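Keep the sequence and the 3D view open beside you.

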Amino acid sequence: MAVAAAAAAAAVGAYAADLPAVPEWLNKGDNAWQLTAATFVGIQSMPGLVVLYGSIVKKKWAVNSAFMALYAYASSLLVWVLVGFRMAFGERLLPFWGKAGVALSQGYLTGRARLSATAHGGENGTPAAEPFYPEATLVLFQFEFAAITLILLAGSVLGRMNIKAWMAFTPLWLLLSYTVGAFSLWGGGFLYHWGVIDYSGGYVIHLSSGIAGFTAAYWVGPRLKSDRERFSPNNILLMIAGGGLLWMGWAGFNGGAPYAANITASIAVLNTNVSAATSLLTWTCLDVIFFGKPSVIGAVQGMMTGLVCITPGAGLVQTWAAVIMGMCAGSVPWFTMMILHKKSTLLMKVDDTLAVFHTHAVAGLLGGVLTGLLATPELMDMESPVPGTKGTFYGGGVGQVGKQLAGAAFVIAWNLVVTTLILLGIGLFIPLRMPDDQLMIGDDAAHGEEAYALWGDGEKFDATRHDVSRGGAGGEREMGTAEQRLAGMGARGVTIQL
């Protein structure tokens with residue numbers, strides 16, 4: 001009876017209309033949506049990009065690539081709650097940086113969320129906006145953005161970066177680079193109050209990860225020549241599954257940006273899907289026209305560029321504009337990747353493993369400029385801290401495009417310089433690149449583990465080595481035919497290149 005009474009009391013407390021369980025300022029719908037959106041973005045990283053990275057690379061790098069994403073996600077969370085969140089969304093310290101502070105105490109996390117950017121107000125004197133949910137929800141949502149930025153960056157250095165150097169790099173880059181972009185554009189920094197538009201991370205996340213990834217790829221150095229020449233995915237079906245998780249998760253990515261379950265969120269989610277579909281189809285059609293057949297990898301890249309391009313304006317443009325942005329996203333990055341890349345000495349020299357520069361930096365910058373052209377005054381009034389902000393096509397003049405370009409220039413310059421300094425510093429203590437003898441082996445050298453107990457990637461099947469690994473002495477066994485040896489080793493159904 002006592003246990004039942006305690007349970008009943010707990011239930012009443014959890015659903016009571018009085019403090020502290022349900023404060024009068026808490027909107028359960030907004031809180032539920034924001035937590036759901038955060039979970040969607042988290043699924044993009046875990047397992048979305050973990051699966052995508054583990055499958056899109058050569059078999060010998062599957063474990064290492066997936067683990068780089070896994071480690072970045074875990075390390076980012078501790079750094080975020082210890083100091084990162086308040087550096088990006090706290091009180092102003094510098095025009096581009098917030099004051100560091102912990103986000104761990106009950107008093108802070110259970111209080112009503114507060115968007116300190118609006119409290120700075122500048123000349124407009126805008127009062128602080130307070131979403132209808134606790135600070136803990138906001139901390140979680142913004143963490144997912146920080147984590148996925150680092151994981152996207154990792155795509156540029158897969159297949160050769162020393163895992164120990166990556167472990168040192170992730171917290172430093174989050175603190176010294178990501179928080180600056182986030183505060184400048186979202187947290188109340190100078191770009192935010194100047195009126196640079198970045199609805200949900202075209203600059204903060206995608207341009208940053210693309211430029212930082214390209215810079216990191218330069219300093220880390222290239223993969224082995226054999227890997228650069230042949231780096232086929234080890235599992236295209238899993239790659240599609242990982243890409244699908246990214247696409248579906250983007251509903252939380254852009255739908256959660258308004259910090260409420262409102263009209264802007266609905267527009268953003270619809271525009272996101274329209275742009276992604278249009279871009280995928282555009283990229284695929286270009287592949288067919290120029291190469292004679294559709295590429296599945298190309299379709300995933302087209303999907304990605306469509307999602308990235310719409311991000312800076314997802315909740316700020318009309319849906320017909322999302323179609324235009326999708327067409328641009330499927331063609332401009334395709335051109336830079338397939339045509340311009342092969343004509344540029346710099347682009348050819350830098351080994352950007354997954355072409356993050358094209359799919360994120362180029363697409364993110366493109367989206368920012370198109371948002372400056374196509375943002376509607378009605379939707380901007382709901383989101384912008386600067387009254388009267390609107391796209392050039394709606395009478396905003398070329399000034400808004402100029403602001404977009406200037407904001408992009410700051411993000412590019414900061415990431416290029418800071419990423420360089422971080423890697424040069426780490427390189428004094430830890431080699432940035434694995435040695436060639438370990439690169440020849442891959443996962444087994446880096447982790448002592450392999451993704452598949454199968455042979456593939458075109459290497460020749462060494463029956464003697466396989467016999468020894470099973471405890472036999474290859475030279476002492478009767479050789480027989482290849483089929484007999486494989487059958488004896490339980491290798492039926494495995495395609496072997498002899």
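**Exercise 1.** Find how many contacts beyond four places in sequence the model has for residues 489-498, where pLDDT stays under 50.

*Solution.* Start with the terms: pLDDT is the predictor's confidence in each residue, from 0 to 100, and contact means heavy atoms within 4.5 Å. For residues 489-498, the model has 20 contacts beyond four places in sequence. Next, take residues 466-479: pLDDT stays under 50 there too, and the model has 12 such contacts. Then step back to the chain, whose mean pLDDT is 85, with 84% of its residues at 70 or more.

A word on the ground rules: this is a predicted model, in which local features need pLDDT of at least 70 and side-chain atom pairs count only at pLDDT 80 or more, while totals for chains, interfaces and linings use all residues. Residues are numbered from 1 along each chain as its sequence is written, and side-chain values use heavy atoms, leaving out hydrogens and water.

**Exercise 2.** Work out how helix H2 (28-56) lies against helix H6 (residues 135-154).

*Solution.* First, the angle: H2 and H6 pack at about 20°, with their axes 9 Å apart. Axes are lines fitted to C-alpha atoms, for helices over the stretch in contact, and angles run from 0 to 180 degrees between N-to-C directions. H2 is therefore roughly parallel to H6, a label for angles under 35 degrees. Second, the hand: H2 and H6 cross in a left-handed way. Third, the residues: those of H2 that meet H6 include Leu35, Val41 and Leu49, and their partners in H6 include Phe141, Phe145 and Ile148.

**Exercise 3.** Compare that with helix H9 (residues 202-220) and helix H18 (residues 399-427): what is their angle?

*Solution.* H9 and H18 pack at about 40°, with 9 Å between their axes. They are therefore oblique to each other. The crossing of H9 and H18 is right-handed. Among the residues in contact are Leu207, Ile211 and Trp219 of H9, together with Val411, Ile412 and Leu423 of H18.

**Exercise 4.** Which residue's side chain meets that of Lys58 in a salt bridge?

*Solution.* A salt bridge is a side-chain nitrogen of Lys or Arg within 4 Å of a carboxyl oxygen of Asp or Glu. The structure holds seven of them. The partner of Lys58 is Asp227, at 3.1 Å from N to O. Asp227 lies in helix H10 (residues 225-229) and Lys58 in the loop between H2 and helix H3 (62-89), so the pair ties together parts that are 169 residues apart in sequence.

Terms used
Helix = DSSP H or I, 4+ residues; strand = E, 2+ residues; numbered from the N terminus. Parallel < 35°, antiparallel > 145°, perpendicular 65-115°, else oblique. Left-handed = near helix turned anticlockwise from the far one by under 90°.
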